Amino acid sequence: MTRTPIIAGNWKMNLLRADVAAYAEAMAAAGPPDAPVDVVLFPTPVYLGLAATAMPDWTAVGAQDVHAEESGAYTGDVAAAQIVDAGASWALAGHSERRQYHGESNDDVARKARRTLGAGLIPVVCVGETLEQRKRDETETVLDAQLGAVLEVLAAADGAGAGAVVAYEPVWAIGTGLSASPEIAASVHGHLRARLNGHQAGLGDSTRILYGGSVNAENCRDLIGRADIDGFLIGGASLDPSSFLRIIRLSTGSAGGS
Ligand code: PGA
């Protein structure tokens, strides 16, 4: 099965209004890649509307987090409907920084992913083990628990629109400059795909599984060359549009976006 690659940039709590506008100009000037790829940017919620308006139409915009409830007294949080209303079409669920700094459990992540999907957004569910867990040989147990909590949502997403997306982001590789080797990433992706197929026939084949954690222009080609790696969720190297465009070009073999 051919899965359209995804190259996504997670800006986290970075960039100001002028940066977002300049980024959009750089993307528009580069033009669309001439290879099939979904390009998605995840700005801070304050700039979702700006990014959705300013970015060229061959890109999409997503939220870094969505509240699990539909609406109500949740000061500081953002509802899925508001994210849609701002022009976004994707949303992350369960990024490790949300799990770590906001105490989000597997169950919380599943509720968020369900809300995201229900609002018509494409959920990107993030999973990944810490260094301690990897050292204790708990990687598969941790990933199975994280993935297990969202299997029903991913199966539901499978029948809808762009389908389910999973991002494998080992915590020890995020922001450390120490990317997982293509061998490690490919083996984990293979495991996740098998788990998805085991839950529902074909779910693993249709689900796009992204790798995230210190992806850059130097390592992206080796990583995406692996059969089970369908694209990237990129933090640091997505903050500069020329770096992000370079990764799109190198990862897709596209002549555009240089
Ligand atoms: P990084 O972040 O590319 O800076 O390691 C990836 C992520 O957290 O999504």
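## Strand pairing

Two strands count as paired if DSSP finds at least two bridges between them. In this predicted model, strand β4 (residues 90–93) runs parallel to β5, and four bridges join the two. Within this pairing, Ala93 stands opposite Val125 in β5.

On its other pairing, β5 is joined to strand β6 (residues 165–168) by four bridges, again in the parallel sense. Here Val125 stands opposite Val166 in β6.

## The barrel

These pairings belong to a closed barrel of eight strands, in the order β1-β2-β3-β4-β5-β6-β7-β8, with parallel pairing. From one strand to the next, the twist averages 25 degrees.

Strand β7 (residues 208–212) and strand β8 (residues 231–234) also run parallel and are joined by two bridges. Gly212 stands opposite Leu233 in β8.

## Burial of strand β5

Is strand β5 (residues 122–127) mostly covered or mostly exposed? It is mostly covered, since six of its six residues are buried. In a regular strand, side chains alternate between the two faces of the sheet. Both faces of β5 are covered: one side carries the buried residues Ile122, Val124 and Cys126, while Pro123, Val125 and Val127 are buried on the other.

## Helices against the strands

Helix α8 (residues 182–199) lies across β5, β6 and β7, and runs at about 150 degrees to β7. Helix α11 (residues 241–252) packs on the sheet, where it touches β1 (6–10), β2 (38–42) and β8. The direction of helix α11 makes about 160 degrees with that of β1.

Methods: Residues are numbered from 1 along each chain as its sequence is written. This is a predicted model: local features need pLDDT of at least 70, side-chain atom pairs count only at pLDDT 80 or more; totals for chains, interfaces and linings use all residues. Side-chain values use heavy atoms; hydrogens and water are left out. Buried means under 20% relative accessible area, exposed over 50%, partly exposed in between (1.4 Å probe, protein chains only). Axes are lines fitted to C-alpha atoms, for helices over the stretch in contact, and angles run from 0 to 180 degrees between N-to-C directions. Contact means heavy atoms within 4.5 Å.
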